[in-house]
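My notes follow the model on display.

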Amino acid sequence: MRLREERDRIGLNQADFAALGGVSRRTQAAYEAASTAPDVAYLSAIAAHGADVVYILTGRPAATVSSEESELLRRYRGASPEIRAAALAVLGTATAATQPTGGVTVNGGAGQVVSGPLTVGEQSFTVGGRKKGKRS
């Protein structure tokens, strides 16, 4: 049933969906009727064309990511180990072993705001606290 739902969501008939998975229309019909179980090659092939295989198998949709999250992941994967460690530190998920040991450089124009606690190596900083100055 869920396989058919995915086929309908993608907008293909049985014959076209079967072709994506490399099987005959008859085999596709058998999969949808649950009289035969699809193999890994079929599931992999339809996943490559946008089918949510996690949903087909479990009934729960796969986690989706926004285009912004996808771009962040792409950039993280292409970054040097130092940049990855710094990114994790900024996001507050780095462990002591992965935190940068050097200084932190924040680039930006006038008015840039940086706030929150930051630990680099064994030094801790609080940035963005209350403004301190002379009282009248």
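This is a predicted model: local features need pLDDT of at least 70, side-chain atom pairs count only at pLDDT 80 or more; totals for chains, interfaces and linings use all residues.

Entry: α2 against α3. I took helix α2 (residues 14–21) and helix α3 (residues 25–32) and found that their axes come within 8 Å and cross at roughly 95°. On the α2 side I listed Q14, A15, F17 and A18, which meet R25, Q28, A29 and E32 of α3. I sorted the residues of this contact into four nonpolar, two polar and two charged.

Entry: α1 against α3. Next I checked helix α1 (residues 2–10), which packs on α3 at about 125°, the axes being 7 Å apart. That angle makes α1 oblique to α3. Here L3, R4 and R7 from α1 meet Q28, Y31 and E32 from α3. My tally for the contact of α1 with α3 is two nonpolar, one polar and three charged residues.

Entry: the buried side of α1. Which residues of α1 are buried? I found L3, E6 and R7. Looking down the axis of α1, I saw that its buried residues fall within an arc of 100°, so they line one face of the helix. I then asked what covers the buried residues of α1. The cover includes α2, α3, α4 (40–47) and α5 (53–58).

Entry: the end of α1. Last, I looked at what follows α1 and found G11, with a positive phi near 90°.

Methods. Residues are numbered from 1 along each chain as its sequence is written. Side-chain values use heavy atoms; hydrogens and water are left out. Axes are lines fitted to C-alpha atoms, for helices over the stretch in contact, and angles run from 0 to 180 degrees between N-to-C directions. Helices (H or I, at least four residues) and strands (E, at least two) are DSSP runs, numbered from the N terminus. Contact means heavy atoms within 4.5 Å. Ala, Val, Leu, Ile, Met, Phe, Trp, Tyr, Cys and Pro count as nonpolar, Asp, Glu, Lys and Arg as charged, and the others, Gly among them, as polar. Angles under 35 degrees count as roughly parallel, over 145 as roughly antiparallel, 65 to 115 as roughly perpendicular and the rest as oblique. Buried means under 20% relative accessible area, exposed over 50%, partly exposed in between (1.4 Å probe, protein chains only). The arc is that of the directions from the helix axis to the C-beta atoms.
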